[in-house]
Structures are given as structure tokens and as C-alpha cells.
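Hi there,

Here is the structure I promised to pass on.

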Amino acid sequence: MLAAAILLPGVGHVLAGYPQRGLTFLFFTLLLGTVTWEFTTPEQSFVGRAAGGLFVYAISITDAYKLARIRYEGWRRAAEASP
């Protein structure tokens, strides 16, 4: 799921079973990326122009990993508890 979250924003959440959360992250990545792109000058680097979207994208990756890790630990504990 981490690889999917790195490749496309929101896909890690969808694979983890949180599609609405993934689509929300995708929406805000695109929205803030567009807003910062429009408010910066063409002299800025790509990272500077898309900083808002990249910021949300980075948060999306860590959040998808956290949710997948929590789900995995719950599955692992349930597997240990059953005979």
C-alpha cells in the first residue's frame, strides 16, 4: 500500500479500505497544487509552484502508511489470538 500511495495520491487509502479519505486527499492535493501554481510566478521552480499540492501529497503518503500499519497490526493480533 505504501508503494501505491507513493505512485498516486489517494490510492493507498483506497486499497486500505478508506476510499472517501483517499478521494479527499486527492481533491485537496489537486486543489492546493492548482492554487499555489496560480499564485506563484513562472520564475519559481516546479516544486515551488506546486508546493501546496506536494505538501498534502506527503501527508497523504504518511497517513496511508499509518492506516495500513494499524490495519495490519489488528489482523496480526487477531491471527495470534485464534487457534
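Let me start with Arg21, which is partly exposed because its relative accessible area is 38%. Please keep in mind throughout that this is a predicted model. Arg21 forms a salt bridge with Asp63, and the closest N and O atoms are 2.7 Å apart. Since Arg21 belongs to helix H3 and Asp63 to helix H5, the pair ties together parts that are 42 residues apart in sequence. Asp63 itself is buried, with a relative accessible area of 9%.

The count of salt bridges comes to five. Four residues, Arg69, Glu73, Arg76 and Glu80, are linked in a network of them. Glu73 lies in helix H5, and at 18% relative accessibility it counts as buried, the cut-off being under 20%. Arg69 pairs with Glu73 at 3.3 Å between the closest N and O atoms; these two residues are four apart in H5, so about one helical turn separates them. Arg76 forms a salt bridge with Glu73 as well, with closest N and O atoms 2.6 Å apart, and sits three residues from Glu73 in H5, again about one turn of the helix. Both arginines are partly exposed: Arg69 has a relative accessible area of 43% and Arg76 one of 29%.

Now for H5 as a whole. Helix H5 covers residues 51-81, and at 1.5 Å a residue its 31 residues should span 45 Å; the end C-alpha atoms are 45 Å apart, which agrees. Its buried residues include Gly53, Val56, Tyr57, Ala64 and Leu67. The buried residues of H5 pack against helix H1 (2-7), helix H2 (11-16) and H3.

On the H3 side, Thr29 is worth a look. Thr29 lies in helix H3 and is buried, with a relative accessible area of 11%. Leaving aside neighbours within four places in sequence, Thr29 is in contact with Pro9, Gly53, Val56 and Tyr57. The C-alpha atoms of Thr29 and Val56 are separated by 5.4 Å, although the two residues are 27 apart along the chain. A polar atom of the Thr29 side chain also lies 2.7 Å from the backbone oxygen of Phe25.

Finally, the surface. Phe27, Phe28, Leu31, Leu32, Val35 and Phe39 form a nonpolar patch there, with about 580 Å² of accessible area together. One of them, Phe28, lies in helix H3, which runs over residues 19-39, and is partly exposed at a relative accessible area of 38%.

Best wishes

Note on methods
Residues are numbered from 1 along each chain as its sequence is written. This is a predicted model: local features need pLDDT of at least 70, side-chain atom pairs count only at pLDDT 80 or more; totals for chains, interfaces and linings use all residues. Side-chain values use heavy atoms; hydrogens and water are left out. Patches are made of residues with over 30% relative accessible area and no salt bridge: like charges are joined within 9 Å, nonpolar side chains (Val, Leu, Ile, Met, Phe, Trp, Tyr) within 5 Å. Accessible areas come from the Shrake-Rupley method with a 1.4 Å probe; for residues, only the protein chains shown count as cover. A salt bridge is a side-chain nitrogen of Lys or Arg within 4 Å of a carboxyl oxygen of Asp or Glu. Buried means under 20% relative accessible area, exposed over 50%, partly exposed in between (1.4 Å probe, protein chains only). Contact means heavy atoms within 4.5 Å. A polar contact is a pair of N or O atoms within 3.5 Å; within protein, one must be able to donate a hydrogen and the other to accept it, and residues adjacent in sequence count only if both atoms are side-chain atoms. The expected span of a helix is 1.5 Å times one less than its number of residues.
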